Protein chains: 2
Amino acid sequence: MIQKIHPAPRVLVADLREHVGETVSVCGWVNTLRLQRTMQFVLVRDHTGLTQVTHRRGGSGDELEQQFEELTAESAVRVTGRVVDNPVVNLDGLEIVPESVEVLNRAEAPLPIDEHTGLEHRLDWRFLDVRKRPAAQLLFAVQTTAEQAMREFAYREGCTEMHTPKLMGTASESGAEVFKLGYFDRSAYLAQSPQFYKQMAIAAGIDRVFEVGPVFRAEPSFTSRHATEFTGVDLELAWIDGVEDVMSFEERLLAHALARVAEVHGAAILRHFGVEVVVPALPFPRITMAEAQCVLRAEGWDPEQAKTDLDPEGERALAAHIKEQTGHEFVFVTHYPAGIRPFYHMRSTEQPDLTLSFDLLWKGLEITTGAQREHRYDVLVKQAGEKGMGVESLQALQDYLNCFRYGCPPHGGLGMGLGRVLMVMLGLDSIREATFLFRGPNRLTP
Amino acid sequence: MIQKIHPAPRVLVADLREHVGETVSVCGWVNTLRLQRTMQFVLVRDHTGLTQVTHRRGGSGDELEQQFEELTAESAVRVTGRVVDNPVVNLDGLEIVPESVEVLNRAEAPLPIDEHTGLEHRLDWRFLDVRKRPAAQLLFAVQTTAEQAMREFAYREGCTEMHTPKLMGTASESGAEVFKLGYFDRSAYLAQSPQFYKQMAIAAGIDRVFEVGPVFRAEPSFTSRHATEFTGVDLELAWIDGVEDVMSFEERLLAHALARVAEVHGAAILRHFGVEVVVPALPFPRITMAEAQCVLRAEGWDPEQAKTDLDPEGERALAAHIKEQTGHEFVFVTHYPAGIRPFYHMRSTEQPDLTLSFDLLWKGLEITTGAQREHRYDVLVKQAGEKGMGVESLQALQDYLNCFRYGCPPHGGLGMGLGRVLMVMLGLDSIREATFLFRGPNRLTP
C-alpha cells in the first residue's frame with residue numbers, strides 16, 4: 001500500500017473551531033500573503049472557508065519563515081499547526097500557528113487572471129476563475145442541491161431515471177440544428193434532446209421517465225442564454241389525463257427544489273449573489289398564448305401584430321405583468337399555435353390550430369418547453385406530413401413512429417435547461433456563468 | 001384547462017387490494033386475452049403487476065363483450081370497474097368486473113417479436129422487449145436505485161455533482177478512439193471520458209467531483225461488454241494521501257449501493273434473474289498486478305509469459321482464485337505497469353515503472369479503472385513525452401496542462417461503467433441487455 005503518513009489529520013476550515021488547542025493540517029490554497037517585518041500572515045482557503053496562518057519570524061535558520069517568503073498566491077499547500085483561539089483575528093477568532101508547511105503544487109506568478117479580468121478571458125482560465133470566487137463555488141453546490149431535490153421529488157412520484165443515447169442514426173426533430181459525426185463507415189447525429197428516446201421509454205412501459213444529461217444544439221446563437229451543449233432535465237409521464245398533469249408535476253417539482261435550495265443555501269445566495277430565493281406558491285399562474293399576446297399588445301408590444309411567438313422582450317413584459325397582477329415569478333404560457341410547435345405536440349380537439357403545450361417562464365426567461373404528445377400513430381403521421389415531412393423523412397423516423405403502433409399510452413413531458421434555472425435563480429447575466437465549462441459556436445475550450 | 005374527466009381514479013395494480021368493493025380505473029396493457037364461450041378474461045399489466053378483468057358475456061347488445069372481442073395483445077387500455085375479492089383468481093385473489101373499457105392505443109397484430117425472438121431482433125423492437133418482460137422493467141428500477149444510492153453516498157462524503165462537456169476542441173487522451181464531428185467551421189471531438197474535465201474541476205477547487213454521464217468510444221469492439229456509448233459514473237477526489245483513498249472510497253460506495261439494491265430489490269432479482277445480490281465485506285481484497293500474474297502463471301495462464309496486462313481469461317481466472325481464497329466477489333488489481341497506463345497516472349516513487357493505479361474486477365469483469373493522478377506539471381509533461389507525445393500533442397493539451405501550473409492539489413479518481421455493474425449484478429450475458437438503447441459499431445437504432 002502506498003500511502004504517505006502525515007503528522008496530523010486534515011481538518012476543513014469550517015470545522016477548525018472544534019479543534020482549538022489541537023495540531024491539525026489544513027489543505028488549501030494561498031489566498032493572501034501578508035509578509036510583514038516581524039510577522040508573516042498567510043490566509044489559506046479551502047472550499048469551506050478562509051483561515052489565517054500566523055508565523056512570527058525567527059530570523060536566520062527559520063525554515064518556515066523562508067518557506068512562507070517563497071510562497072505564491074494560489075499555491076496548493078498543506079499547513080500543519082496548532083489551532084489557537086485569538087479574538088483579534090477576523091476569521092472566526094481563530095488562527096493557526098504553523099509547525100510545518102508542505103507546498104504540494106506551487107503556483108506560477110503572476111496569475112493569468114485577476115478580479116478585473118473580463119468574462120471571456122475568465123472562461124479561458126475557468127479553473128482559476130471558479131477556484132478564486134466563493135460565489136462560483138457556491139453555484140455548483142446550489143446546482144447539486146437543486147438537482148438532487150428534483151430527483152428526490154421525481155423518485156417519490158414514481159419516476160425511473162433513464163440514460164438514453166446521445167448518438168442517433170438519423171437526425172432528430174429538425175436536421176438543421178443537429179451536429180453530424182463520422183461513425184465508422186457512416187454518419188451519426190447528436191441528440192438535440194432525449195425527446196424521442198424518452199417517449200420510447202414510455203412505450204417500453206416505464207411509467208414516468210426522469211433524465212439528466214447533455215443536449216446538443218448546432219445553433220449559431222450568441223445570446224446570453226444559448227449554448228451548443230447544456231444539461232437538460234427531462235421528464236415524461238405516461239397515462240396523463242392532459243397537459244395539465246405535466247404542468248402540475250413541474251410546478252411541484254420546482255417548488256420542492258427551490259424550498260430545498262432556500263433552506264440549504266438561502267443565506268449564502270443572498271450574501272454572494274444579492275438574490276432572495278423565493279419558494280413559489282402553487283399553482284403557478286397560467287395564461288394562454290392568445291391571452292398573453294392580447295395583454296402585451298395592449299401595452300404596445302408588437303404594434304404590427306405580426307408575431308406568433310413571444311420574443312425575449314415579450315417574455316420579459318409578460319413576466320412583469322404577471323408579477324404585478326399576482327406577485328408570482330413564474331408563469332405557464334399555454335396553447336401555443338401548431339405552426340410554431342413540433343409535429344409531435346398534441347393538438348386541441350376544440351381548436352386544432354392550437355397545441356396542448358406550454359412554456360414556463362421564470363422572471364421572464366423561458367426555462368422549459370412541455371406538451372402532451374400525440375400518441376395516435378395515424379394522427380402523428382398526418383401532423384408530420386403537414387409539417388412538410390415527406391416519405392423519406394418519415395422513413396428516417398420509422399423507429400420512433402413504430403412506438404405508436406403497438407399500444408403507446410397517452411403521455412406528456414417537458415425539458416428544462418438546468419443552466420437557465422441556475423441563471424435565473426442566482427440572477428446571473430449569462431448562461432456562461434451558470435455552466436462549469438461553457439460551449440458555444442466560438443468556444444470549445446478549455 | 002384541458003382535462004378529460006374520468007369516472008374513477010387510476011389505481012396501480014399493486015394497490016388494488018386496498019380498493020376492494022370500489023370502482024377504479026386500471027391503466028395498462030393487454031397481457032393475455034382468454035375469450036371463452038360464456039366468459040371473457042383479460043389480463044391487464046401495468047408496471048406494478050398483472051390483474052384479471054372478468055366479464056360474463058351478455059349477448060347481443062353487450063357493448064363491452066364486443067370491445068373485448070376486438071382487443072389485441074399489448075393494446076393500451078383503461079379499464080374501469082369494481083374490484084372484487086375472489087379467492088379462485090390466481091392474481092392476488094382479486095378481479096375487476098368491468099363497467100367500461102377505453103382503448104387508448106390499439107396494438108397492431110401480430111406483434112413483431114415474441115418470446116422466441118433472438119437478441120438482435122429484440123433490440124430492434126426494444127420498447128416492446130422491455131415492456132413485455134418484467135425482468136427488463138426490473139433492471140431499470142435496479143439501475144435507478146443503485147445510481148441513487150451511489151449519489152447519496154457521494155454527497156454524504158462531500159461530492160459535488162458536475163456536468164462536464166462532451167464536446168471537446170481537441171481529441172482527448174488518445175486520438176484513435178475518439179469520434180470527430182463538424183462544429184460550425186471546424187471540428188470537435190466527443191469526450192471518451194470526463195477525465196480531463198473532472199481534473200479541471202479539482203483544479204477549480206471542487207473538493208470531490210461526482211458525475212454520471214455518457215462517454216463515447218469509437219472502438220470497433222463487438223464483444224459482449226463493449227459499447228460505443230455508455231453511462232459512466234466518475235469520481236475525482238482532491239487532497240488524497242494516496243491511491244488507497246480512492247479504492248477505499250469506491251469499495252464503500254459499492255457496498256452502500258449493493259446494500260440498498262439488496263434491500264429494495266433482492267427478492268425480485270433472485271426471482272427474475274436467479275442471482276443473489278451479495279453485500280460485499282470491506283475491505284475488498286487487493287492484489288498487485290505482479291502478484292496476480294504470478295498466481296495466474298502458476299495455474300497455467302500465459303505460458304509464453306508475454307502478457308503485461310490481464311486478458312478477459314486472466315481476469316476470470318483471477319476472480320476464481322480470489323473467490324476461492326477469500327470468498328470475495330471483488331478484487332482490486334493494483335500497480336499496473338506504466339507502459340499500459342495513460343501518461344497522467346502517477347508513478348510509484350520506489351518503482352517508477354509502476355503506476356499508482358488499479359482496476360476493480362467484479363466476478364471477473366473489469367468494472368472500474370482508477371488512479372492517483374500526476375499533479376506536478378513538470379512530471380506530467382515528462383510522462384507525456386515518454387508516451388511519445390510531441391510538441392503538437394502537448395500544445396493541443398495545453399488547457400489541460402495549464403491546470404497543473406497554478407496550484408493543483410494531489411488527487412485521484414475512477415471511472416465506472418454503469419452498464420457493466422448492472423450486467424454483473426444481474427448475471428446478464430451482454431451489456432446490450434443492461435442498456436436501454438444499446439449503441440455499438442453496427443447499431444445506431446432504434
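Contact here means heavy atoms within 4.5 Å. The model is predicted: local features need pLDDT of at least 70, side-chain atom pairs count only at pLDDT 80 or more, and totals for chains, interfaces and linings use all residues. Residues are numbered from 1 along each chain as its sequence is written, chains are lettered from A in the order in which they are written, and side-chain values use heavy atoms, with hydrogens and water left out.

Select L418(A). Its contacts, leaving aside residues up to four places away in sequence, are Q143(A), E147(A), M150(A), T231(A), V233(A) and, from chain B, H163(B). L418(A) counts as buried because its relative accessibility is 1% (buried is under 20% relative accessible area, exposed over 50%, partly exposed in between; 1.4 Å probe, protein chains only).

L418(A) is also among the positions that an unreviewed UniProt entry marks as "binding site", and so is E366(A); such annotations may be inferred rather than shown by experiment.

Go to E366(A) next. With 23% relative accessibility, E366(A) is classed as partly exposed. Beyond four places in sequence, E366(A) touches E315(A), D359(A), L360(A), L361(A) and R420(A).
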